[in-house]
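Here are my notes on the structure, written so that you can follow each point with the model open beside you.

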Amino acid sequence: MTVLPVPDLLAAARPGALAAFNVVALEHAEAIAAAAVAAKRPAVLQISENTVRYHGGLGPLARACLAVAADSPAALTVHLDHATSHELIRQAADLGIRSVMYDGSAMPYADNVDSTAAIARWCRDHGVFLEAELGAIGGKDGAHPPGVRTDPDEAVAFVAATGVDALAVAVGSSHAMHTRDARLDDELIARLAAKVPVPLVLHGSSGVPDAGLRSAVRHGMAKINIATRVNILLTRAVRDALAADPTLSDPRRYLGAGRDAMRQEVERLLRVLA
């Protein structure tokens, strides 16, 4: 299937939410695609700026993800996540990625508005869907306090001033959580959904239990980002495979076990968010 635009996937996901999973290696992309086929649900393959740094560049992994998405019968797209550089966004677009997130949340508000508005104009001219962030989500490398909340009126003003297509908001989740006990502010989600004229995105969703995810969707979340949860299960399966056979040296056998564990959890989460 052709790699689809994010607005089409958001529409296909309703009345549920569009699930987005981070890709670190090819096995991630393969697992997400296979799970989307099994669940008959759309999904997003996300590549973060941290992963770009890990690989020493965006091109090889981006091309692999685009190929996996294009070859799959599932409704998929590829997204650049948490980019802090305009240049990286332009590079992603040159490679064929048509959905990006610009993260200027560490800047003072006025600087975030100016920088986001500039890249939004560029994205609009080049057919790229732009997500941005207001009200820093906690837990990202310990950089932001976990108690931050997005103010609805400020969110409306930010969207109007920047022209972004989607907005990541802080409502109680935190990046890189290993426990699933985050409690979201559903009342705030509902207020944001009622006021903000673009889709809302939940980052740090790995720490939110299933019931919390379902409730967030009911109250207005349109896109749900998940990374740590599937990486925990991938790593656990790899550890188990290596522990079960100390002589194991074929990466296909332990990475394959990790990929299978990840695929099962992605499929389960896709159904939770349906």
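**Notes on the model**

1. The side chains of Glu-265 and Arg-229 are joined by a polar contact of 3.1 Å, where a polar contact is a pair of N or O atoms within 3.5 Å and, within protein, one atom must be able to donate a hydrogen and the other to accept it, while residues adjacent in sequence count only if both atoms are side-chain atoms. Glu-265 belongs to helix α11, residues 251-272, and helices (H or I, at least four residues) and strands (E, at least two) are DSSP runs numbered from the N terminus. Once its neighbours within four places in sequence are left aside, Glu-265 is in contact with Arg-229, Val-230 and Leu-233, contact meaning heavy atoms within 4.5 Å. Glu-265 counts as buried because its relative accessibility is 5%, the classes being buried under 20% relative accessible area, exposed over 50% and partly exposed in between, with a 1.4 Å probe and protein chains only.

2. Before going further, please note that this is a predicted model, in which local features need pLDDT of at least 70 and side-chain atom pairs count only at pLDDT 80 or more, whereas totals for chains, interfaces and linings use all residues. Residues are numbered from 1 along each chain as its sequence is written, and side-chain values use heavy atoms, with hydrogens and water left out.

3. The next points concern positions that come from a record. An unreviewed UniProt entry lists Asp-81 under "active site"; UniProt positions are given in the numbering used here, feature names are shortened, and annotations may be inferred rather than shown by experiment. Asp-81 lies in strand β3, residues 76-83, and it is buried, with a relative accessible area of 3%. Not counting residues up to four places away in sequence, Asp-81 touches several residues, among them Asn-22, Gln-46, Met-101, His-203 and Asn-225.

4. Under "binding site", the unreviewed UniProt entry lists Asp-103 and Glu-133. Asp-103 sits in the loop between β4 and α6, while Glu-133 is found in strand β5, residues 129-134.

5. Leaving out residues up to four places away in sequence, Asp-103 touches His-82, Ala-83, Thr-84 and Glu-133. The contacts of Glu-133, with its neighbours within four places left aside, include His-82, Tyr-102, Asp-103, Asn-112, Phe-158 and His-203, and the side chain of Glu-133 also makes a polar contact of 3.3 Å with that of Ser-105.

6. For "binding site", the unreviewed UniProt entry also lists His-82, His-175 and His-203. His-203 is placed in the loop between β7 (200-202) and α9 (210-219), and it is buried, with a relative accessible area of 1%. The side chains of His-203 and His-82 make a polar contact at 2.9 Å.

7. Tyr-102 is found in strand β4, residues 99-102, and counts as buried at 1% relative accessibility. Its side chain makes a polar contact of 2.5 Å with the side chain of Ser-115, although the two residues are 13 apart along the chain and their C-alpha atoms are separated by 9.2 Å.

8. Helix α6 (residues 109-125) and helix α7 (residues 152-162) pack at an angle of about 40°, with their axes 8 Å apart; axes are lines fitted to C-alpha atoms, for helices over the stretch in contact, and angles run from 0 to 180 degrees between N-to-C directions. The two helices are therefore oblique to each other, because angles under 35 degrees count as roughly parallel, over 145 as roughly antiparallel, 65 to 115 as roughly perpendicular and the rest as oblique. Where they meet, the residues of α6 include Tyr-109, Asn-112 and Val-113, and those of α7 include Glu-154, Ala-157 and Phe-158.

9. How many disulfides does a search of the whole structure find? The search finds zero, a disulfide being a pair of cysteine sulfur atoms within 2.5 Å. The sulfur of Cys-65 is 19 Å from the closest cysteine sulfur, in Cys-123, which is too far for a bond. Cys-65 is buried, with a relative accessible area of 0%, and Cys-123 counts as buried at 1% relative accessibility.
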